[in-house]
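This report looks at aromatic rings and at the charges placed over them. Please keep the sequence and the model at hand.

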Amino acid sequence: VWYYSQPDWHHPDYRTERHAQYIEYLHGQVRELCTRYGKIDGMWFDGLGGSATDWDTPRLFKMIHELQPGILINNRAGVRGDFYTPEQTIGRFQIDRPWESCITMSTGWSWRGADQPVKSLKECLHLLIRCAGGGGNLALDTGPMPDGQIDPRQAANYRAMGDWLSKYGESIYKTTGGPYTPGPWGVATRRGSKVYLHVLDWGEGDLSLPALGREIAGCSVLTGGTAQVRQTADELSISLPVAQRDEIDTIIALDLDGSAEDIPPISLIAHGSLTLRKGVAASANWSDEYCAEMAFDGDENTRWGAEPGSTSGWLQVDMGEAKTFDRIVVLESPWNRTQKFELQYRDGNTWKTFHEGTAMGDLRLQFKPVTARFFRLNILEATDVPTIWEVHLYPPGSAGK
């Protein structure tokens, strides 16, 4: 696989009136990479925001595919490409299009010194596990020190991750994310008739998930111990003594009576939601495809967009009657445009704010119980058009988000 960064600030023609000549230089460089080194499996461009026009991408990709049939090309040359590459964040659950999160183990894309922090082994493994559970891969980056060696702290992490994978790799390698979509509790992976539950946070009690829709023929705990599994028509409950819960990742393998790979994604954020498919409204909708309903449909791959050109907007839900809720999940990443927002309920004709925040990302918040019929997410400031994937409220005592 080749990595190629299109911008070249040292080339005399780059971003000048002679940029067309630079494009020809770039195409020539890529042609050389695709003709002098045998079979190439992938091309990882890094255009730093450049457009397809900047690199004449349609012609460039046509040449690459002619020279290297079967090659995979990422999405950083101004067009969609073959796979998505979120940076410094874990990609959203997606199993119908390949993706790979590129994340640094330390503070940047090069070695910044021995005094710079390095992610712990637990953090590194959680990145790997969450990427696998979301349906993607992880490119965990390190920058060599000036003498060419890898920072010993980072090298130790890589070795320890390899040791972990030698024990539990069956739950990561050649798996697909799901059927459960990721949540604070952890993620699920699957292969054949097996579902692997990676429990990263047990919370205060047992693990409660929506039912799988398949009979469970057997259960084992790869990390040690014996789990009790109970499944009803609506709920799957897993219990495991606290002493048997792994500090990094408790891996529970469920053997099903049929294929696990054809189970449709099961959204945990929709499980127990008070706002799912209720009466919704918005300050404005980008289009029918990005309307307010998309933020309340339980599908993490659809989203609401506010008015084109706006930097504020709101989403409102009418639950039909007064409901009590004490938790909310709002999914905004990886775009993370919100800079200031309010959570509000309506009291008569007056909107009252019960929480104020700044950056949102994927917001998971618990607060003092509120009882109301109408709820509003009011985005006051954003860096670009507000866009939200999901908004859900939950009653006290609900679990599995």
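The sections below cover ring pairs, a cluster and charges over rings.

## Ring pairs overall

The model is predicted. The count of aromatic pairs comes to 15. A pair of aromatic rings is described by the distance of the centres and the angle of the planes.

## A pair within a helix

Tyr-22 and Tyr-25 form a tilted pair. Their centres are 5.8 Å apart, with 35° between the planes. Both residues belong to helix α1 (residues 19–35). They are three residues apart, so about one helical turn separates them.

Is Tyr-22 buried or exposed? Tyr-22 has 1% relative accessibility, so this residue counts as buried. Tyr-25 has 33% and therefore counts as partly exposed.

## A pair between two strands

The rings of Phe-354 and Phe-375 also pair. Their centres lie 6.4 Å apart and their planes meet at 50°, so this pair is tilted. Phe-354 is in strand β18 (residues 350–357), and Phe-375 is in strand β19 (residues 362–382). The pair therefore ties together parts that are 21 residues apart in sequence.

Phe-354 counts as partly exposed, because its relative accessibility is 23%. Phe-375 is at 0% and counts as buried.

Phe-354 and Phe-375 are also members of one aromatic cluster.

## Charges over rings

Which residue lies over the face of Trp-202? Arg-245 does, at 4.2 Å from the ring centre.

Trp-314 has the charged end of Arg-376 over its ring. The distance to the ring centre is 5.8 Å.

Notes
Residues are numbered from 1 along each chain as its sequence is written. This is a predicted model: local features need pLDDT of at least 70, side-chain atom pairs count only at pLDDT 80 or more; totals for chains, interfaces and linings use all residues. Side-chain values use heavy atoms; hydrogens and water are left out. Rings of Phe, Tyr and Trp (its six-membered ring) pair if their centres lie within 6.5 Å; planes under 30 degrees apart count as stacked, over 60 as edge-to-face and the rest as tilted. Helices (H or I, at least four residues) and strands (E, at least two) are DSSP runs, numbered from the N terminus. Buried means under 20% relative accessible area, exposed over 50%, partly exposed in between (1.4 Å probe, protein chains only). A charge sits over a ring if NZ of Lys or CZ of Arg is within 6 Å of the ring centre and within 35 degrees of the ring normal.
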